Structures are given as C-alpha cells and as structure tokens.
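Visitor: I'd like to learn how to read a structure like this one. Could you walk me through it, feature by feature?

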Amino acid sequence: MKGRSLYLDGVTVVFDGFRALNNLSLVVEPGELRAIIGPNGAGKTTMMDVITGKTRPTSGTVRFGDMDLTRLDEPTIANLGIGRKFQKPTVFDDLTVFENIELALKAPRGPIACIKWHLTGEAADRIGQVMTEVGLVERAHDPAGILSHGQRQWLEIGMLLAQDPELLLVDEPVAGMTDAETEHTAAMLVGIAGKRSVVVVEHDLEFVRALGRRVTVLHEGSVLSEGSIDHVQNDPRVIEVYLGR
Amino acid sequence: MSIALTAPPPSRMRLGIRTGLIIAVLLLAALPILNLLPRDSAFHVSDFIVSVTGKWICYAVLALSLDLAWGYAGILSLGHGAFFALGGYAMGMHLMRLIGPRGAYGHPVLPDFMVFLGYTELPWFWHGFQSFPYAMLMVMLVPGALALVVGFLAFRSRITGVYLSILTQAMTYALMLAFFRNDMGFGGNNGFTDFKELLGMPLGTPSARAVLFYASLVLLVGSMLLCAALTRTKYGRVLTAIRDAESRARFLGYDTTRHKLFAFVLSAMLAGLAGALYVPQVGIINPGEFSPGNSIEAVIWVAVGGRGTLVGALLGAFSVNALKTWLTSAAPDLWLFALGGLFVAVTLFLPRGLIGLFDRVKKGRGA
Ligand SMILES: Nc1ncnc2c1ncn2[C@@H]1O[C@H](COP(=O)(O)OP(=O)(O)O)[C@@H](O)[C@H]1O
Ligand SMILES: [Mg+2]
C-alpha cells in the first residue's frame, strides 16, 4: 500500500469560546518524522485529539489520504492505521505486559474475533520482539499496574509498535525519562520513521534536536514557525513567545 | 525469550478454587438425594433446604451474569433484576398456558386473570407460549432484546458510570410500574401463580422439586463454564481493558460499544434463564420481581463475594442469601440494616470482597 499523508487545513477547535486550535494547517508526508513543539496550552494535545476522532473540529479539514477523519470515530480511525501514545501513559493496569501488547497487536477487533483468537507462534514471536524492543521482556507476566513510570511509557510505545500503524502520534514520550532512556527513544522514533509517518509532540528541545528533523512550532492554536531546529530556534517570533521565556 | 512465549501456569490459588468449586457442586448435587432419606436419619435434608437452595442457585446465576457485565465489562447495572424477572415472566406465561382448562374459571385457553378482566381472546403476544421451546427462546430473547436496545442507546451515547447505573435502575422501575397495570396483559399486581405442570411433570411434588433443582444446578455449572471460558479468551481481556480505560481501548481500535453490548446482552440472557428456573420453584411471579431493591441486592452479592472473579459472585450470592434467610426468620426488622451495613463494610474494608480476603490469607501464609 502506498503511504498516505496527513493533511490538516484551517482546523479550528473552540471550547466554550476559547480557541484551542485556531486555523491550524499542517501536512505530514508519508514516512516523515515531524516534531511539534510549543508552550503548554498551545493546542498540541488538542491537535492529536482532532486527528484521532476524540474531538470534532469546529471547522476545517482533516484528512488521512482520501479519508475525512472528522466523520469517523476513534476505533475506525485507529483501524485506518493511526496509532496514538498519550501524554499521560495509559496502559491496562490489570493486564500483564504481554497481554497489553497482545491487545494492541494488529488483528481483527470484533467480539467474535477476539473470542476465537488464539495465540499463534507468529503472534507470540511478534509480541516477544516488541517486548525486546522496549526492554520489557523480563516483565512479560507482571501486571502493568506495578510498572514504573518510565516502563509504562515504554509499554505504551510497545503497544503502538504492535499496532503497526501507518501514522504514529506520540505525545510527550520522554516526560519522566532519564537521559539514556530519552536518547534511546529518539533513536527508536528515527528508526520507525521512513516505514511509517511519525508526529512527536515534545517540550524537550534536546530531544527534538536529537531527532534532527523538521520542526513545527505551535502557539495559541496555530503554526508559528516551521523548518529545521536551527531555523525555528533563530526565528524571532519563536524566541519571543517560547524560547526566550 | 521463552519467558515471553509461554503463558504462566495456573496459580495454586486458581487450582484451589477449582477444587473448591467441584466439591461445592457435588455437595449441592447431593441435597435432593439426602432429601429422600428417612426423616429420622442424621443426614436427612428437609424439603425447605432443597427448595431454598434451588432458589439460591438461580440467584447465583443472576450474580454470575451481573459479574460478567459489572466485574469484567465495568457496566454497573442496577437493573439486572429486570432481565431475571422478564425471563421469569416468559416462563410464567408458558406455565399459565399449560394450566389450560384447569383454571378456576375453567376457560379452555384464557388464564384466570384474563377471564376475570373480561378478555375474550388471547392477546397476540401470548400466542406461541404454549410451546416449551418457544417459551425457552423468549426467556433468552426478551431480556436479550431489552439489553440490546437499552445498551445500544446508552453505550453509543457514551453513558457510563453512575449515569448508566441510574438509567438501568430507571429501566427496572419503569417495567415494574408497567407490569403492575392490569391492561398490560400480564396479570397486574397478582402476576402469575397456581401453576400446574411443566413438561408433563406436576409441579409442587418432591420429584418436580428435584428436577428443577438439578436443572438449576446444570444451568449454574454451564454458565460458570461459559463465563470462565469467555473471560479467559482475548475477549475477556478486552472487557477488562474497557472497564479500566475505555477511551484507551477505543484508540487501540476496539469498538467498545459493540464489545460492551455483546457482554451486556449475553449477561441479560443468562439472567433471563436464571429467572425462568426460579419461577417454577417459587410458584409465583409478580411485578415485585422488578423492584429496584432486587437489582441492588444482586449488586451487593457480587460486591460481597468479590467482583471480576466469577467465583466471588457465586460465593456472595450464597452467603448473603444464607444470611438473609437466617436473619429474616431470626430478626426480620434487621435485614435491610444488615444488608446496608454489609455493603458499606465491604466497600470500606473488603474492596475485593470475600475472595480478596481468601487471597490475603493465602499471601499472609507466604503461599
Ligand atoms: N476538553 C476541553 N475543554 C476545554 N478546554 C480544553 C479542553 N481540552 C483542552 N482545552 C484547552 O485547550 C488549550 C490547549 O490544550 P492542549 O491541547 O492540551 O495543549 P498542549 O497539549 O499544547 O499543552 C488549553 O488551554 C486547554 O486548557
Ligand atoms: Mg499536551
């Protein structure tokens, strides 16, 4: 299948008169890795909510390839191949690491299909592979509820990988991670991009620099600046509202 | 990597529970046999014990069905008694049709209450109920259909938590008021009673009691096996996921409305079957069966036993009802206080119910 691009045009989201997104336009090409930065409240999470069907835009266009995402619900959008990692890691606490990844694994999602599902060697291998990638093999049969914060972040990234999405939306993945973990995460996201498109929201400029790709700066719900990290870091408007503070 | 590829072996706890369940079922199965012993035998079990235990078994199935909806899918239904009662009414309609001309008015087709209310012909929805297979189908389809409609509207509108509970409570309350009305065609506040026979077997006899008891036990074991098998599949884990983080499950691509609906409908059908076996054992069904308090009591059984464990639901249904049977004869005025106190105590001190206590004792011993 040929990769699809993500296309936002003139997207506005109004909450009780407050414009969380204001005429936001953004294109992410297939296979691209895009970093999005911006101060707290800039609308980064809201942008992800709009793409994944959680929030309906007040106006504007959101398309993935030729699909109009504003008309679809969350599970349908997820099954189109858009995976999401939340700012606050959300995993299923009562299920083990293995089971969390098993649920994320690409497979038919209906009740009957889930009843009939049995773990094939291939699926088990894939789960093992994902757990290795995110360093949780030793915790395979521990409930996710007892993992540390960093491990939960990893588990959620692992679930995203298991979903095998075409587009990954990753919201502040390195919050609460050590420097080494942060570096590993950056390397992993760079490795993932190419095969898939990745949109990473992050506060941490060092992390964004480590990604070394195109950066979009959001401010008050619209794009303030876009380009290389050096370009946006030297953009006077960016310095004024974000970096200079 | 082999650690990742193999499922963990069943824990000793689980094996212990399985053994306990098998012993409990065998003990229950022995009751009607012990009932046949001479009255002066030390092992004789009274008719009262057999019939009351038969009722509890039906309650246990209701508790199990509620645990599937609440303990696994997170749907705290405060209206599960309605599904139980609808199953009971469907069975009651069959039993009423079987009375035939033996009613007090001797009408060849119409049940007594219809003759009394001046009906000249059978309402359309009473047709077919003379057939046992048809009635059994309705026992499951009617509660299932109600759960489908209510569940679809509620889950699709993303009504969850306390709002969903209130909605289900309102559902059973509305049904109670409707069934109280004479013009509904379900016998008004008297409901159905004076049943004569079922499957050619006269009711109220010791052998009928034993047959109904065993039928209930078979239903209980069957429901337990079904629920246990179901909750051990990936579907069971999807339900747990929905219970704990529904929105996350949606973003993983699970249509949570469909998954919850599936569990809710299945649960309602099980509750309906339980009600259907309950009615011929107690010999009556009336709108009181829809009373909101019944549904709340069922929730308390599950909470006391420990939700999300299936076994806990059984344990809770039997222990709370045993307490109720004892207390309502020893100190009838105290029962509602005891029930309320029990619920508060369990919520505060035993959030995982009696099963959790058992678990804790085991851990304390270093098992
Ligand atoms: N559901 C909501 N209702 C009202 N206001 C919201 C809602 N979601 C987000 N907001 C507001 O929209 C703004 C953007 O929030 P968000 O997208 O979370 O920012 P970021 O992720 O960039 O920190 C914030 O001011 C926030 O308070
Ligand atoms: Mg945010």
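**A guided look**

Guide: Let's start with one residue, B:Leu219, which sits in helix α8 (residues 206–232) of chain B. Keep in mind throughout that this is a predicted model.

Visitor: Is B:Leu219 buried or exposed?

Guide: The cut-off for buried is under 20% relative accessible area. B:Leu219 has 14% relative accessibility, so it counts as buried.

Visitor: Which residues is B:Leu219 in contact with, leaving aside its neighbours within four places in sequence?

Guide: Those are B:Val61, B:Leu273, B:Ala274 and B:Leu277. Take B:Leu273 from that list: it is 54 residues from B:Leu219 in sequence, yet the two C-alpha atoms are 8.0 Å apart in space.

Visitor: What should I know about nonpolar side chains in general?

Guide: In soluble globular proteins, they tend to be buried together. Here, the largest nonpolar core has 164 residues. The members that touch the most other members are A:Phe92, A:Ile101, A:Leu155, A:Val198, B:Trp126, B:Phe192 and B:Phe290.

Visitor: Which helix gives the largest share of this core?

Guide: Helix α3 (residues 47–72) of chain B does, with 16 residues. On the chain A side, domain 1 (1–81 + 165–245) and domain 2 (85–164) both give residues to this core, so it lies between them.

Visitor: And what does A:Val198 touch?

Guide: Not counting residues up to four places away in sequence, A:Val198 touches A:Glu32, A:Leu33, A:Arg34, A:Leu167, A:Leu168, A:Val170, A:Leu189, A:Ile192 and A:Ala193. There is also a second, separate core of 26 residues, and A:Leu8, A:Ile36, A:Leu69 and A:Val201 are among them.

Visitor: Back to those two domains of chain A. What separates their centres?

Guide: Taken over C-alpha atoms, the centres of domain 1 and domain 2 of chain A are separated by 24 Å. Their contact takes 20 residues from domain 1 and 14 residues from domain 2.

Visitor: How are two packed helices described?

Guide: By the angle between their axes and the distance between the axes. For a case in chain B, look at helix α6 (residues 132–156) and helix α7 (residues 161–180): their axes come within 11 Å and cross at roughly 145 degrees. The crossing of α6(B) and α7(B) is right-handed.

Visitor: Which residues make that contact?

Guide: From α6(B) come B:Leu146, B:Val150, B:Ala154 and B:Phe155, while α7(B) brings B:Leu164, B:Leu167, B:Met171 and B:Leu175. Sorted by class, the contact has 8 nonpolar, no polar and no charged residues.

Visitor: I see B:Phe155 there. Where else does that residue turn up?

Guide: Look at B:Thr257, which lies in helix α10 (residues 256–282) of chain B. Leaving aside neighbours within four places in sequence, B:Thr257 is in contact with B:Phe155 and B:Arg156. B:Thr257 has 16% relative accessibility, so it counts as buried too.

Visitor: Is B:Glu297 buried or exposed?

Guide: B:Glu297 counts as buried, at 10% relative accessibility. This residue lies in helix α11 (residues 292–305) of chain B, and it touches B:Lys324, B:Trp335 and B:Leu339, not counting residues up to four places away in sequence.

Visitor: How many residues of helix α1 of chain A are buried?

Guide: Helix α1 (residues 44–51) of chain A is mostly covered, with 7 of its 8 residues buried. They are A:Lys44, A:Thr46, A:Met47, A:Met48, A:Asp49, A:Val50 and A:Ile51. Just after α1(A) comes A:Gly53, with a positive phi of about 85 degrees.

Visitor: Last one: what does A:Asp94 touch?

Guide: A:Asp94 touches B:Thr240, B:Arg243 and B:Asp244. A:Asp94 itself is placed in the loop between β6 (82–85) and α3 (97–104) of chain A.

How values were computed: Residues numbered from 1 in each chain as written. Chains lettered and ligands numbered in written order. Predicted model: local features only at pLDDT ≥ 70, side-chain atom pairs only at ≥ 80, totals over all residues. Heavy atoms only, no water. Core = buried A, V, L, I, M, F, W, Y, C linked by side-chain atoms within 4.5 Å. Buried < 20%, exposed > 50% of the residue type's maximum accessible area, 1.4 Å probe, protein only. Helix = DSSP H or I, 4+ residues; strand = E, 2+ residues; numbered from the N terminus. Domains from an automatic or database assignment. Contact = heavy atoms within 4.5 Å. Axes fitted to C-alpha atoms, helices over the stretch in contact; angles between N-to-C directions. Left-handed = near helix turned anticlockwise from the far one by under 90°. Nonpolar A, V, L, I, M, F, W, Y, C, P; charged D, E, K, R; others polar.
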